[in-house]
Amino acid sequence: MATALQAVRGMNDVLPDEAPLWQRFEDTARRVFERYGYRNLRVPIVEPTPLYVRGIGEHTDVVEKEMYTFEDRLSGESLTLRPEATAGIVRAAIQHNLIYERPLRAWTAGPMFRHERPQKGRYRQFHQLDVEALGFAGPDVDAEQIVMLARLWRELGLADGIRLSINSIGDADERQAHRSALVEHFERHHDLLDEDAKRRLHANPLRILDSKNPALQDVIHAAPKLIDRLGPDSRAHFDALQALLHEAGVVFEVDPRLVRGLDYYNRTVFEWVTDRLGAQGTVAGGGRYDGLFGQLGGKPTPACGFGMGIERMILLLEAAGAQAQSGPDAYLVHAGERAAPLARKVAESLRDGGAAVALHAGGGSFKSQMKRADASGARYALIIGDNEAASGTVAVKPLRGGGEQTEVPAERIAAHLRELLTMTKDDDGLV
Ligand code: ATP
Ligand code: MG
């Protein structure tokens with residue numbers, strides 16, 4: 001026998017028992033984004049490699065170590081599986097002239113690829129929800145996105161477990177001045193730096209602040225802070241953002257060391273972090289990237305956005321005990337030649353009424369069919385045997401939460417099931 005193949009390490013299947021929570025989360029997020037006027041946009045999973053090198057920055061973890069890059073067989077062009085969504089969205093906005101007349105609020109969702117060491121909350125294929133406001137100078141829209149996420153946490157019942165850090169990393173010239181001060185600081189402590197930090201010291205010293213190496217944290221802590229060197233415009237932007245967050249009642253902490261892992265950010269950066277997932281605590285992060293359009297060959301355009309890791313959100317929801325219904329409303333069991341046509345008709349009429357019905361397929365005894373009904377996760381078994389077929393009725397047996405079996409005329413079954421379901425189920429499919 002041939003050996004069975006396994007999925008690539010760090011790339012996971014989302015199985016039918018797990019998918020309902022994913023769907024519930026994604027539906028909730030989509031509804032919240034749309035309530036703020038964000039519209040869906042979908043971009044390819046593969047882009048030309050230079051898009052990420054230019055967009056994310058050459059001396060970042062993502063570009064240096066984490067990208068899945070390959071050559072196109074025919075053209076020889078270097079292509080990369082997307083490690084993040086912003087660069088692709090900005091590429092699309094430039095290519096299709098999307099914000100020629102007016103700004104655009106957009107969101108997208110899908111898999112991202114980074115060659116990292118797989119562990120809980122960190123995978124090689126992971127999924128993000130990504131939100132971008134293109135053509136907005138802020139800080140109103142920076143605040144809007146943060147307030148929108150605060151609403152999402154509330155709707156998911158997670159508001160207590162996630163806290164917000166914000167920072168301003170200024171504009172290019174302010175970072176330039178800060179950079180000299182940083183290089184000086186790290187050169188004074190050269191012997192404490194690791195290999196990565198030494199290599200980045202002159203190429204991109206700001207990146208050292210993003211290091212996760214515990215041995216570096218003291219020297220990072222003592223480094224000069226960009227936030228102390230902001231010019232008046234960046235300062236005013238950051239002050240206004242904080243005022244808007246206060247006004248909206250969003251609690252936050254200013255973390256002067258927050259820099260984020262991608263080079264395109266300026267001014268506002270933010271992260272939402274939880275303590276409930278160990279080391280992989282950042283569930284969403286983003287900020288302003290006013291220079292990215294220009295870097296990618298477009299007209300200079302201010303913009304702000306964030307990415308959210310769906311796997312980490314699912315882990316958080318599971319830790320909070322969230323569940324979502326995973327089975328159909330009803331499983332229709334039928335045996336006998338006269339029962340089958342009635343069962344098909346009843347199943348279709350239930351679906352006309354919006355119910356989710358699994359119609360038993362493949363024959364078998366009542367007993368084995370009832371086992372299937374139970375295993376399906378359905379709320380009710382609907383049973384049609386010879387007796388029911390003769391009298392034109394359906395037996396209804398609750399499979400969850402007890403209750404008596406009842407007998408209902410076939411033409412009443414759709415209305416009857418709807419009544420039963422509205423009595424026991426709330427809007428978003430939670431049980
Ligand atoms: P981290 O510091 O944890 O590596 P990051 O700063 O690299 O995160 P971003 O590029 O900001 O992450 O991506 C936004 C979000 O995507 C993160 O906050 C996280 O929730 C999620 N994410 C990033 N990398 C992974 C991964 N390898 N596996 C699962 N989720 C991830
Ligand atoms: Mg990372």
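## Fold content and overall dimensions

The chain folds into 15 helices and 16 strands, and bear in mind that this is a predicted model. Along the principal axes, its C-alpha trace runs about 90 × 60 × 45 Å.

As for how the chain meets itself, take the contacts between residues at least 6 apart in sequence: 70% of them join residues at least 24 apart.

Of the 431 residues in the chain, 52% are buried.

## Helices α5 and α9

Now for some helix packing. Two packed helices are described by the angle between their axes and the distance between the axes. For helix α5 (residues 140-155) and helix α9 (residues 232-247), the axes come within 9 Å of each other and cross at roughly 40°. This α5 and α9 crossing is right-handed. On the α5 side, the contact is made by Asp-140, Asp-142, Ala-143, Ile-146 and Val-147. From α9, the residues taking part are His-237, Leu-241, Leu-244 and Leu-245.

Gly-138 sits in the loop between β6 (125-134) and α5. Its relative accessibility is 25%, so Gly-138 counts as partly exposed; the cut-off for buried is under 20%, and exposed takes over 50%.

Which residues does Gly-138 touch once its neighbours within four places in sequence are set aside? They are His-237 and Arg-288. His-237 also turned up above, as one of the α9 residues in contact with α5. Phe-238 gives another handle on this spot: its C-alpha atom is separated from that of Gly-138 by 9.9 Å, with the two residues 100 apart along the chain.

## Helices α6 and α7

The other pair to look at is helix α6 (residues 172-188) with helix α7 (residues 195-203). Here the axes come within 10 Å and cross at roughly 145°, and α6 passes α7 in a left-handed crossing.

Which residues make the contact between α6 and α7? From α6 come Arg-179, Val-183, Phe-186 and Glu-187, while α7 brings Leu-201, His-202 and Ala-203.

Notes: Residues are numbered from 1 along each chain as its sequence is written. Chains are lettered from A and ligands numbered from 1 in the order in which they are written. This is a predicted model: local features need pLDDT of at least 70, side-chain atom pairs count only at pLDDT 80 or more; totals for chains, interfaces and linings use all residues. Side-chain values use heavy atoms; hydrogens and water are left out. Helices (H or I, at least four residues) and strands (E, at least two) are DSSP runs, numbered from the N terminus. Buried means under 20% relative accessible area, exposed over 50%, partly exposed in between (1.4 Å probe, protein chains only). Contact means heavy atoms within 4.5 Å. Axes are lines fitted to C-alpha atoms, for helices over the stretch in contact, and angles run from 0 to 180 degrees between N-to-C directions. A crossing is left-handed if the near helix is turned anticlockwise from the far one by less than a right angle, and right-handed if clockwise.
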